[in-house]
Amino acid sequence: MLDWNDPLAKPVVNSDTVEPTIVEQSLNNPAPENVNNIVDPTAVLSNLAPVNPEDKRVINGQTDINQLAPFKYPWAWNFFLNANKNHWTPLDINMAQDVTDYRHKLTLEEKHVYENVLSYLTTSDILAMRNIGLAVMEKMSAPELQIYQARQVYEEALHTWTYQHCIETIGLDQGEIYNRYRVVPEIHQKIALANRRLSSVLRSDIDLRDRDELHNFVIAYIFFAGIFEGCWFYNGFSPIFALQRRGLMKGTAEQLQYIMRDEVMHAAFGIRVVKQIIQEENLTLDQNAIREMWDESYEAEKAYTSYILKDPILGYSAETHIGQFQYIANRRANQLGLSEEPFPGAESTLPWLDEQANMRKEKNFFETRVTEYQTGGALNWD
Ligand SMILES: [Fe+2]
Ligand SMILES: [Fe+2]
């Protein structure tokens, strides 16, 4: 019989030795009633008026956070429904050929790219999880926003599992891979930058009724949604997609395509939330702060690129990577409604990347066989 106190434990055969469960113990020895914990529900309910959805706000709202509908932000609920159409686990994807590719086909330069991309991504996704789950979600005052973000927290954890699955399956040295961001300055720079932004909004004393605090929170959210997820992640898988296009590391690349679908949604959702805050709070963004954000993100990405691609691989170079970063950054600025593009004139250096993001498994154009979880129509990226 399953032990509900320890569900992973092997079942105990001899019932004579079974310890009483906590439930049984509490039934036999009921705790004395604490009169302070007894609440008269009618006393609370009699004071409550129905929630008017128009009173909801993204932050600093006063409506009942426990009441989902009627929605003020139906688009947030749609994000949640859409997110549930992209469901997989890393175990669904066949990695056998990747082991052979890594051992026998990748050049030293390609191994360097592969290992360092995984090393950066896995640390980044932990940061992404902590940002949305610990710093952002608690500040939202409408449940339909929190519910998508709760899903997002799970997805970031799933992404971390995915990288770990790849690292483990290929047989990479975990102690070495997971410590790389600590010892390679070019990887550390991106992580440190994100950590700094996160630390500035992950404080118990933050008060978003203060306009400076509010502005800093919005800038941090723009950074995480627009750059960290919208540019760094979106563009971050590309070196491995370049291998995939040559028939190499296709299992890993397919895992990353699933992750990319999530990240596109995360970026789009965050940008939507930010725009809603700006409108509701009548906030004017400091253009210097925006420019500084783009510049430091570009510098960090450039250093990272020069490290992971110090030697180009077939079909992919440092110039390709940084050019695409600038092109995608302009796209995010436009989505955010910012007054100017950060890198005027930047052109796409990876015309195939968007196709990669729009992968539809039902078309079956990959050779690996994956359980198809999509239950609705095609994912809606709006
Ligand atoms: Fe992620
Ligand atoms: Fe994400």
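Predicted model: local features only at pLDDT ≥ 70, side-chain atom pairs only at ≥ 80, totals over all residues.
The protein chain contains 14 helices and 0 strands. Its pattern along the sequence is accordingly written α-α-α-α-α-α-α-α-α-α-α-α-α-α. The chain has 382 residues, of which 37% count as buried. Among contacts with a separation of 6 or more, 75% join residues 24 or more positions apart.

Two packed helices are described by the angle between their axes and the distance between the axes. Helix α9 (residues 211-236) and helix α11 (residues 250-280) have axes that come within 9 Å and cross at roughly 155°. Angles over 145 degrees count as roughly antiparallel, and α9 and α11 are therefore roughly antiparallel to each other. The crossing of α9 past α11 is left-handed. On the α9 side, the residues involved are Val218, Tyr221, Ile222, Phe224, Ala225, Gly226, Glu229, Gly230, Phe233 and Tyr234. Their counterparts in α11 include Met260, Glu263, Val264, His266, Ala267, Gly270 and Ile271, and also Val273, Val274, Ile277 and Ile278. By class, 15 residues of this contact are nonpolar, 4 are polar and 2 are charged.

Val113, Asn116, Val117 and Tyr120 of α5 make the contact with Tyr304, Tyr307 and Ile308 of α12. The contact of α5 with α12 has 6 nonpolar residues, 1 polar residue and no charged residues.

The largest nonpolar core comprises 82 residues. Within this core, the residues with the most contacts are Val117, Leu145, Tyr221, Ile222, Phe228, Ile240 and Val274. Helix α9 gives the most to the core, contributing 15 residues. Tyr221, one of the residues named above, is located in α9. Tyr221 is buried because 22 other C-beta atoms lie within 10 Å, where 20 or more are required. Apart from residues up to four places away in sequence, Tyr221 touches Val136, Gly270, Val273 and Val274. The C-alpha atoms of Tyr221 and Val273 are separated by 8.9 Å, although these residues are 52 residues apart along the chain.

Thr305 is situated in helix α12 (residues 287-308). This residue counts as buried because it has 21 C-beta neighbours inside 10 Å. Beyond its neighbours within four places in sequence, Thr305 is in contact with Ala318, His321 and Ile322. From C-alpha to C-alpha, Thr305 and Gly236 are 9.8 Å apart in space, while 69 residues apart in sequence.

Backbone geometry was also examined in two loops. In the loop between α2 (41-45) and α3 (74-83) lies Pro70, and the peptide bond from Ala69 to Pro70 is cis, with omega near 5°. Asn60 is found in the loop between α2 and α3. Asn60 is not a glycine, yet has a positive phi of about 60°. With 14 other C-beta atoms within 10 Å, Asn60 is partly exposed.

Met249 lies in the loop between α10 (238-245) and α11. A positive phi of about 50° is found for Met249, although Met249 is not a glycine. Met249 counts as buried, with 27 C-beta neighbours inside 10 Å.

How values were computed: Residues numbered from 1 in each chain as written. Chains lettered and ligands numbered in written order. Axes fitted to C-alpha atoms, helices over the stretch in contact; angles between N-to-C directions. Helix = DSSP H or I, 4+ residues; strand = E, 2+ residues; numbered from the N terminus. Parallel < 35°, antiparallel > 145°, perpendicular 65-115°, else oblique. Left-handed = near helix turned anticlockwise from the far one by under 90°. Contact = placed C-beta atoms within 7 Å. Nonpolar A, V, L, I, M, F, W, Y, C, P; charged D, E, K, R; others polar. Core = buried A, V, L, I, M, F, W, Y, C linked by C-beta atoms within 7 Å. Buried ≥ 20, exposed ≤ 12 C-beta atoms within 10 Å, placed from the backbone.
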